[in-house]
Amino acid sequence: MMEQPTAKLDEIEQAARAIFDVMPYTGPVDRMRLTWDQEEASTQRDEALRYARAAVRAVTQAPQAAFLDEDEPEACEACGEALQLGDPVYWGDGLLHALCCGPERDGFHNANEAPLADGEPIPRPMIWNGNQGAAELASDARNDELCVDRFGLVMKAKLAAARCKGRAGWDDPAQCSMADLSAMLIDHVAKGDPVDVANFAMMLHNRGGRIETPSPQTGLVAQPLSEWHEDDGFVTWWKFPVNEPSYIGSPLCSDWPGYHTHWTPHPEIPTNADALAAAEGSAE
Ligand SMILES: [Zn+2]
């Protein structure tokens, strides 16, 4: 930031006048305090100017120097704290710390002032550099950090809500195993809320483990031929090891191959896409 020499002089004089006004009065008791412009005040004036030059030099070299152009430092509209250089900020009615805008997507709009569509990210904040006109967009790194912090707020809120409902014990191996945490994480993947999944991942991370995937045995188990009864009807037949397509039918069929040893239920009967389209067409 370049400073005009005259602006600097004004600043020094302004500071010197303020110092002059609070300097201890050393004159005779029966006289009024001297004012800045009085001839007799020259000694005190010079002294005040000396202090002011030192003070202005010191503060303009401080990292917060950019704020000194303003009477008051810029503050966050939400929390009232002074903005620090490098803070991620958004412009609302005034300047706001990025995290003071809250963690929810509905608190934000896109560049066209429209609500955020699904899949549209919360816009990047600007980085406060003391000059509203020249603030720069947050870098990839700063935005990543902010997004993690923002997500952390939502995780904490969900954890707090769960604690209020009496849920506890994730950090106690006696109450909650790594397999339990893994199973709950996988269960919540299917339910679809990324915040729940993140919280279980956080718990696993803090317990120092990996996500244990359930053993594949929970899938289909083939029954032996002896378990098949006429009432089971047409089913899917297998010969282990499986190295050819399965056979669908029953041992009573004329084309029964005769060498299959195990069976699983017949696949679910699907809906016909053509019939579905026709039904939708006639409904309009
Ligand atoms: Zn704030």
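The model is a predicted one, and its secondary structure amounts to six helices and eight strands. Read from the N terminus, the elements follow the order α-α-β-β-β-β-α-α-α-β-β-β-β-α. Of the 284 residues of the protein, 11% count as buried, and among the contacts with a separation of 6 or more, 43% are accounted for by residues 24 or more positions apart.

**Sheet of E1 to E4**

- Four strands make up an open sheet whose order is E2-E1-E3-E4, and the pairing in this sheet is antiparallel.
- The edges of this sheet are strand E2 (95-97) and strand E4 (136-137), each of which pairs on one side only.
- Strand E1 (residues 88-91) and strand E3 (residues 126-127) are paired in the antiparallel sense over two bridges, and Val-89 has Met-126 of E3 as its bridge partner.

**Sheet of E5 to E8**

- Another open sheet of four strands is arranged in the order E5-E8-E6-E7, again with antiparallel pairing.
- Strand E5 (223-224) and strand E7 (247-249) are the edge strands here, and each pairs on one side only.
- Strand E6 (residues 235-238) runs antiparallel to strand E8 (residues 262-264), and the two are joined by three bridges; in E8, Thr-264 is the bridge partner of Thr-236.
- In general, the strands of a sheet pair through backbone hydrogen bonds, in either a parallel or an antiparallel manner.

**Helix pair H4 and H5**

- Two packed helices are described by the angle between their axes together with the distance between those axes.
- For helix H4 (residues 178-191) and helix H5 (residues 194-207), the axes come within 8 Å and cross at roughly 160°.
- Angles over 145 degrees count as roughly antiparallel, and H4 and H5 are therefore roughly antiparallel to each other.
- The crossing in which H4 passes H5 is left-handed.
- On the H4 side, the contact is made by Met-178, Leu-181, Ser-182, Met-184, Leu-185, His-188, Val-189 and Lys-191, while H5 contributes Asp-196, Val-197, Phe-200, Ala-201, Met-203, Leu-204 and Arg-207.
- By class, the residues of this contact of H4 with H5 divide into ten nonpolar, two polar and three charged.

Definitions and conventions. Residues are numbered from 1 along each chain as its sequence is written. This is a predicted model: local features need pLDDT of at least 70, side-chain atom pairs count only at pLDDT 80 or more; totals for chains, interfaces and linings use all residues. Axes are lines fitted to C-alpha atoms, for helices over the stretch in contact, and angles run from 0 to 180 degrees between N-to-C directions. Angles under 35 degrees count as roughly parallel, over 145 as roughly antiparallel, 65 to 115 as roughly perpendicular and the rest as oblique. A crossing is left-handed if the near helix is turned anticlockwise from the far one by less than a right angle, and right-handed if clockwise. Two residues are in contact if their C-beta atoms, placed from the backbone, lie within 7 Å. Ala, Val, Leu, Ile, Met, Phe, Trp, Tyr, Cys and Pro count as nonpolar, Asp, Glu, Lys and Arg as charged, and the others, Gly among them, as polar. Two strands pair if DSSP finds at least two bridges between them. A residue is buried if 20 or more other C-beta atoms lie within 10 Å of its own, exposed if 12 or fewer, and partly exposed in between; C-beta atoms are placed from the backbone.
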